[in-house]
Amino acid sequence: MTTDLAALFREHHASLVRVLYRRTGDHDRAEDIAQETFARAVEAPPRNPRPWLFAVALNLVREEGRKSVRRGRRLELYRAESPQSSPGADQVFERSEQVLAVQDALATLAERDREALLLKAEGFNYDEIAETLGLAKGAVGTTLSRARRRLVEAYRTQGGKDVAS
Amino acid sequence: MSHPDDGTIQMLLDGELAGAERARLEAHFAGCEPCAARLAEARAFLEEADRLVELVVVPPGPARRRRPVRRQALVRTLAWAASVVLAVAVGYYGRGEPAPGALPTVAATAPSEAPAAGGAPATAGQPAVDAPTPLARTNPAPAAPVQDEAKAAAQNPPPAGANRQGVAVGQAPAKPELRDDRLREAAKMAAPPSAAALTDAAAVTPWRVVSMEEGVRLLGGQIRLIDGLTPDRVEAGPGTAVAGADGSLPVVRIVYGAGSIALDQQRPPVAAAERRAEASSALGAAASGGMVPGWSSQGAIRFVVTGSVSPESLQTLAGRVR
């Protein structure tokens, strides 16, 4: 049983905030929810910290989401090139468009699909994803398959540009 | 062997299968063209999805330390209530007449945390520090125009005994430390540049890099950012360094794209903002919400986005300020 909050924090905080930020698109909320999650871990030390922390954090996001209207992110982005534009600024602008398009594409996914995808991006294996999301392990592969396909299709539908590897 | 389902293909791609099971599947893909095509497609989706997710990175630096909404609303309500009570108290003492019938009603409905009116008659000779509420003291968005008061107080200090109005103003509900810091900072930075500095502006920049927390403190509240962009750094400079800015207040600048895009912002005192709005309304100007083209208002913050991109792109970026 891990009861050392400092160790828990060191090990999981950055990853938790990253998932929460990708899930909510809001750094403040991500930090707030991460703090609340660690506070709960102190009150009731988890046996298996990683799935527990992420399950609690994602539950908090869902609870909060039910209470508040999600901030609209549908933005009409201007893509015209300007002869006065400097390459650096245009690259920054274009990248920001890609990020917003990805966030919008993520928002179109079903909750479970999105969360499974974000957890996989953090290096979770199927057992951990199943435990965190309360899924049967056998359903994780199907969930990820659907999530990946839908994310890419939603991104392309919005006119998202190819992302170089 | 039957054709594997999508979930099994994902398991293979994600390294969740091993040993004999993996060997059997690989043998199947080697001999089944349609399944090999499905595998290739699934791999392409996996790689593309991974790249897309990796694009969304947490902005560097700490979050903006937003105060919980409920508390902000409470503080605002208390400040408003206290200012109403204060106004009634000032009017009453200014007239030197018996209390109007409405006064007891207003005072009676004011929250106990805002004792300005109740305390004014009994503590007319007391120092202002006796009265303010602990909660209101930390409020960064006072109802009263603190900065203007501070200037007026400096130019025209009240007599030692403090007349009734002076005491009442001194008991204004919010005299936040945050604002005082901002005033000090503004005074420091708003000093007119020397002639040498003007002639050699490129050599001496009025901007200094500050932490996000320092930016929040200077701004007196939550910093605005451009959605979808990752800030490089936060800078602070005098209002005199930015066209259209209030020269008496510091400007907090969020720098993006190695300096190619900047978001400048200020938080004018409430009264100043109202005067500005009235003036712009009287002039029929400021369709964009600010006195100067390019500046916009969002809540208590005025901001402008500048950069070496097209005007349309700047407009788009300004629309993404949160």
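**Ground rules and confidence**

Residues are numbered from 1 along each chain as its sequence is written, and chains are lettered from A and ligands numbered from 1 in the order in which they are written. As the model is predicted, local features need pLDDT of at least 70 and side-chain atom pairs count only at pLDDT 80 or more, while totals for chains, interfaces and linings use all residues.

The predictor gives the complex an ipTM of 0.83 and a pTM of 0.53. Two stretches of chain B with pLDDT below 50 are residues 66–78 and residues 96–203. Beyond near neighbours in sequence, residues 66–78 have 13 contacts in the model, and residues 96–203 have 149. Contact here is between two residues whose C-beta atoms, placed from the backbone, lie within 7 Å. Where pLDDT is low, the predicted coordinates should not be read in detail.

**The sheet in chain B**

Helices (H or I, at least four residues) and strands (E, at least two) are DSSP runs, numbered from the N terminus. Two strands pair if DSSP finds at least two bridges between them. On that basis, 6 strands of chain B make an open, antiparallel sheet, ordered β1-β2-β3-β4-β6-β5. β1 (208–210) and β5 of chain B sit at the edges with a single partner strand each, so one side of each has no neighbour in the sheet. On average, neighbouring strands are turned by 35 degrees against each other, direction ignored. For angles, axes are lines fitted to C-alpha atoms, for helices over the stretch in contact, and values run from 0 to 180 degrees between N-to-C directions.

| Strands (chain B) | Bridges | Opposite residues |
|---|---|---|
| β2 (233–238) and β3 (250–256) | 6 bridges | Glu235(B) and Arg253(B) |
| β3 and β4 | 5 bridges | Arg253(B) and Asp264(B) |
| β4 (261–266) and β6 | 6 bridges | Ala262(B) and Thr306(B) |
| β5 (296–298) and β6 | 3 bridges | Ser296(B) and Phe303(B) |

Two hairpins are worth a look. β3(B) and β4(B) have 4 residues between them, and Gly257(B) there takes a positive phi near 55 degrees. β5(B) and β6(B) have 2 residues between them, with Gly299(B) in the turn at a positive phi of about 65 degrees.

How buried are these strands? A residue is buried if 20 or more other C-beta atoms lie within 10 Å of its own, exposed if 12 or fewer, and partly exposed in between, with C-beta atoms placed from the backbone. In β4(B), 6 of the 6 residues are buried, so the strand is largely enclosed by the rest of the structure. That covers both faces: Ile261(B), Leu263(B) and Gln265(B) on one, Ala262(B), Asp264(B) and Gln266(B) on the other. For β6(B) (residues 301–307), the count is 6 of the 7, so β6(B) is largely enclosed too.

**Helix α14 of chain B**

In α14(B) (residues 311–319), the buried residues are Ser313(B), Leu314(B), Thr316(B) and Leu317(B). Down the helix axis they fall within an arc of 160 degrees (taken from the directions from the axis to the C-beta atoms), so they line one face. Pro311(B) and Glu312(B), on the other side, are exposed.

Chain A has 7 helices and 0 strands, and buried residues make up 38% of its 165 residues. Helix α5(A) (residues 111–121) is mostly covered, with 8 of its 11 residues buried; among them are Leu117(A), Leu118(A) and Leu119(A). Gly123(A) follows α5(A), with a positive phi near 90 degrees.

Between the chains, the contact takes 40 residues from chain B and 43 from chain A. On the chain B side, α1 (6–13), α3 (33–55) and α14 are the elements giving two or more residues. The largest share, 10 residues, comes from α3(B).

Terms used
pLDDT is the predictor's confidence in each residue, from 0 to 100.
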